[in-house]
Amino acid sequence: MTGRLESPEKETDRIGEEFDADACDFCDRYKRRGLSKSSRLLLDFILNEGAQDKTVVDLGCGAGGFSVELLKKGAASAIGVDLSPKMVEAASELVRVSGFENRAKFQVGNAAEAELPSSDIVIIDKVLCCYSNWRPLLKNAIDAGRAMVGFIVPRDQGLAKWPFRIGVRVVNFFQKRRGKIMFYLHPLDVLDRTLQDSGFTRQKRQGSRLWLVFLYTRPRLPEPEQAQALAGRF
């Protein structure tokens, strides 16, 4: 993990404030270009497994573009959680103009702590790297995810690993001086083991220039059996 730790409250406040300032840019970029390349990869992975009539939870939903794309492809509903009130406003407006306001709801909250409904698909798109402690966020995703958990993290593997880590250290040096959010690289083998210990199997892994995209699936369990299977995993 790269970056200086700070209190969870201060960290989440900082994330919310910084993304408040970027909300309009995120929304405008989605309207002009659609999803980023890495997000499109994850979307394709999910669609290959099947999104029709599925329920979605989008953790760190940003301006809501990923949820809207899944709703366009037949997802039954989407719930998004984000630390930024401005992002939640942008996402709510996006689903309204897209005609999905009756099938989507976005709320301000910490995705690592929010009470989440049990859902077929859980998305964590470029969010784990904002948290110094990844475990509560992933635990919440696993608890909520009945069938799929998809996430995107920095490309901290292979030949690019050490140049990437050096680059993140440099970026964090300037982020710290500017009072901005830090970026964290988490142990991908431990994330993988945590998901597998919870009954998930890695179905897809693919890299873009800066990101790694993962999709994990498991047989969908009835909710009481899911709760029993998760007991003692964390």
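Predicted model: local features only at pLDDT ≥ 70, side-chain atom pairs only at ≥ 80, totals over all residues.
Residues are numbered from 1 along each chain as its sequence is written, and side-chain values use heavy atoms, with hydrogens and water left out.

**The sheet**

Please select the strands first. Helices (H or I, at least four residues) and strands (E, at least two) are DSSP runs, numbered from the N terminus. Seven strands make up an open sheet with mixed pairing, in the order 3-2-1-4-5-7-6; two strands pair if DSSP finds at least two bridges between them. The edges are strand 3 (104-108) and strand 6 (201-207), each with a single partner strand, so one side of each has no neighbour in the sheet. From one strand to the next, the twist averages 15°. Axes here are lines fitted to C-alpha atoms, for helices over the stretch in contact, and angles run from 0 to 180 degrees between N-to-C directions.

Contact means heavy atoms within 4.5 Å.

Select strand 1 (residues 55-59), where four of the five residues are buried. Buried means under 20% relative accessible area, exposed over 50%, and partly exposed in between (1.4 Å probe, protein chains only). Strand 1 runs parallel to strand 2, and five bridges join them. Within this pair, Asp-58 stands opposite Gly-80 in strand 2.

Leaving aside residues up to four places away in sequence, Ser-67 touches Asp-58, Ala-78 and Phe-106.

**Strand 5 and helix 6**

Move to strand 5 (145-154). Ten of its ten residues are buried, so strand 5 is largely enclosed by the rest of the structure. Strand 4 (119-125) runs parallel to strand 5, with six bridges joining the two. Ile-121 stands opposite Met-148 in strand 5.

Now select helix 6 (residues 161-178) and highlight Phe-164, Val-168, Asn-172 and Gln-175, which are buried. Viewed down the axis of helix 6, the buried residues fall within an arc of 75°, so they line one face of the helix; the arc is that of the directions from the helix axis to the C-beta atoms. These buried residues pack against helix 1 (8-33) and strand 5. On the face turned away from the buried side are the exposed residues Trp-162, Pro-163, Ile-166, Arg-169 and Arg-177. Just after helix 6, Gly-179 takes a positive phi of about 75°.

In helix 7 (residues 188-197), the buried residues include Leu-188, Val-190 and Leu-191. Helix 5 (135-144), strand 5, strand 6 and strand 7 are among the elements that cover the buried residues of helix 7.

Continue to strand 6, which pairs with strand 7 (residues 211-217) in the antiparallel sense over six bridges. In this pair, select Gln-206, which stands opposite Val-213 in strand 7. Gln-206 has 36% relative accessibility and therefore counts as partly exposed. Gln-206 and Phe-45 are 161 residues apart in sequence, yet 9.8 Å apart in space, C-alpha to C-alpha. Not counting residues up to four places away in sequence, Gln-206 touches Leu-41, Phe-45, Trp-211, Leu-212 and Val-213.

**Two loop residues**

Most residues other than glycine have a negative phi. Select Asp-53, in the loop between helix 2 (37-49) and strand 1; Asp-53 is not a glycine, although its phi is positive, at about 65°. With 57% relative accessibility, Asp-53 counts as exposed. Finally, select Lys-126, in the loop between strand 4 and helix 5. Lys-126 is likewise not a glycine and has a positive phi of about 55°.
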